[in-house]
Amino acid sequence: MTADDIESLISRTALGNREAFNSLYSATSPKLFGVCLRILNNRSEAEDALQEIYVKIWRDSSKYAPAGYSPMSWLIAIARNHTIDKIRARKPEAVDIDDVIDLSDDALNPEKEAILSSDRRQIDGCLNELEKTKAEAIRGAYIEGYSYQELALQQDIPLNTMRTWLRRSLMKLKECLER
Amino acid sequence: MTTEKDIEHLDDALAAEYVLGVLPHAERLSFSARLASEADLRIKVQFWEEQLVSMTDSVEPVTPSAQVLSRIEGEIFAASDRISPANAPSWWLSLGFWRGLSMLSLATLVVLAALYSGALTGPRGTDTEAVPLYVAELSGDSDVQLVTVYDASSGVLKMNRVKGAPAAGRSFELWLIEGGNNPVSLGLVPTTVRGTVTVPENLRDKFADAVLAISDEPEGGSPTGQATGAVLAAGKLAAI
């Protein structure tokens with residue numbers, strides 16, 4: 001399945017086509033679930049989040065603008081935003097990094113995997129131009145959903161220092177991405 | 001002095017922090033409230049979403065249990081008449097339409113507010129001292145849309161819920177967001193289509209340059225005093 005196929009499933013979903021919605025779900029839910037699970041580290045919470053995310057995708061499918069987003073970025077943005085909102089809304093909790101469970105699914109075939117993998121590798125190059133700790137902080141925040149508080153604890157630096165240097169790194173990253 | 005360029009830079013950084021997900025809850029909420037009403041900001045966010053998304057290539061897909069799809073289907077198809085996106089006419093999809101509408105409706109609001117203001121000053125004779133009035137149109141990435149008029153002299157905020165209603169067992173809560181401050185609750189949005197909220201004395205002078213936002217909360221309002229659900233609609237207040 002290509003990006004065009006996913007786009008067409010989204011547009012048919014927008015017309016209320018249940019079959020298209022089901023195909024969209026089977027093609028994309030393992031990726032979105034993987035993304036939620038990495039942030040929430042709890043299977044049942046991640047399943048609740050996934051449910052809310054696909055209800056939102058169903059409702060918002062008519063707002064998808066093909067000119068703006070690639071379909072997977074649109075779907076992943078919905079999933080990440082929802083999940084991050086959820087963890088930021090709850091009281092700050094101690095995060096045990098060792099607690100991360102490996103629930104990866106080996107059964108997914110490579111062909112299915114290929115459609116979901118984006119071909120933009122630019123970000124890797126640009127992250128490599130940053131200091132290693134800074135690139136790791138950006139990856140950690142994006143993939144694991146770490147807050148500034150958690151990042152500051154991990155790096156053992158004050159919160160404000162953390163924020164200043166992450167912001168600076170993000171602006172450097174932007175310069176590189178726009179090159 | 002803060003120049004326009006500084007603000008631009010600050011917004012770039014905020015957009016990146018928002019997409020990355022590192023913002024503390026209150027800042028995240030005020031940023032999403034701004035997103036609902038500022039197209040420039042949405043473009044910045046989209047830049048980061050597109051650029052960062054390939055980091056998820058390293059995330060292993062995991063198949064969710066089969067019950068999740070049945071739960072989703074139960075939720076959307078049972079209520080599909082109410083929420084089917086197919087009900088949306090094609091102009092709904094057009095960004096141009098929305099841009100046009102925001103400009104048009106802001107103009108309409110100004111006229112309405114002027115009329116409302118006239119109605120207020122009318123009985124008081126030819127009172128030339130302007131009654132401070134603020135209007136806001138609240139909309140966003142949801143089906144919820146409200147029009148509000150705030151009369152600073154009486155502290156009465158009138159609202160008309162043009163579209164959208166809370167789900168069963170949920171309430172809409174109204175928030176005042178002033179700059180980077182934490183959102184302050186103005187109470188629940190009345191369950192009637194039209195209703196009023198009386199703003200507490202200490203908040204009455206905080207409406208200039210502020211944003212009003214509606215969040216989805218458990219019935220009776222947020223249990224924590226801060227918004228816990230998604231921001232459904234938001235809009236900047238404009239003085240008349």
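Modeller: This is a predicted model. Let me begin in chain B, where strand 7 (residues 210–218) and strand 8 are paired in the antiparallel sense over five bridges.

Colleague: What makes strand 7 and strand 8 of chain B a pair?

Modeller: A pair needs at least two bridges, and strand 7 and strand 8 of chain B have five bridges, so they count as paired. Within this pairing, B:Leu212 stands opposite B:Gly235 of strand 8.

Colleague: How do you know that strand 1 and strand 9 of chain B are joined?

Modeller: Strand 1 (residues 133–138) and strand 9 of chain B run antiparallel and are joined by two bridges; since at least two bridges are required, they count as a pair. B:Val135 stands opposite B:Ala238 in strand 9.

Colleague: Why are strand 5 and strand 8 of chain B said to stand at the edges?

Modeller: The sheet in question is open, with four antiparallel strands in the order 5-4-7-8. Strand 5 (184–188) and strand 8 (231–236) of chain B each have a single partner strand, so one side of each is left without a neighbour in the sheet. From one strand to the next the twist averages 25 degrees. Helix 2 of chain B packs on this sheet, touching strand 4 (170–178), strand 7 and strand 8, and its direction makes about 70 degrees with that of strand 8.

Colleague: Turning to chain A, what makes the phi of A:Asn41 worth a remark?

Modeller: Most residues other than glycine have a negative phi. A:Asn41, although it is not a glycine, has a positive phi of about 55 degrees, and its place is in the loop between helix 2 (18–40) and helix 3 (43–60) of chain A. A:Asp156 likewise is not a glycine and has a positive phi, of about 60 degrees; A:Asp156 is found in the loop between helix 8 (148–155) and helix 9 (159–178) of chain A.

Colleague: Why is A:Asn41 called partly exposed, and why does A:Asp156 count as exposed?

Modeller: A:Asn41 has 19 other C-beta atoms within 10 Å, and because buried would require 20 or more and exposed 12 or fewer, the label is partly exposed. A:Asp156 has 7 C-beta neighbours inside 10 Å, so with the limit at 12 or fewer it is exposed.

Key:
Residues are numbered from 1 along each chain as its sequence is written. Chains are lettered from A and ligands numbered from 1 in the order in which they are written. This is a predicted model: local features need pLDDT of at least 70, side-chain atom pairs count only at pLDDT 80 or more; totals for chains, interfaces and linings use all residues. Axes are lines fitted to C-alpha atoms, for helices over the stretch in contact, and angles run from 0 to 180 degrees between N-to-C directions. Two residues are in contact if their C-beta atoms, placed from the backbone, lie within 7 Å.
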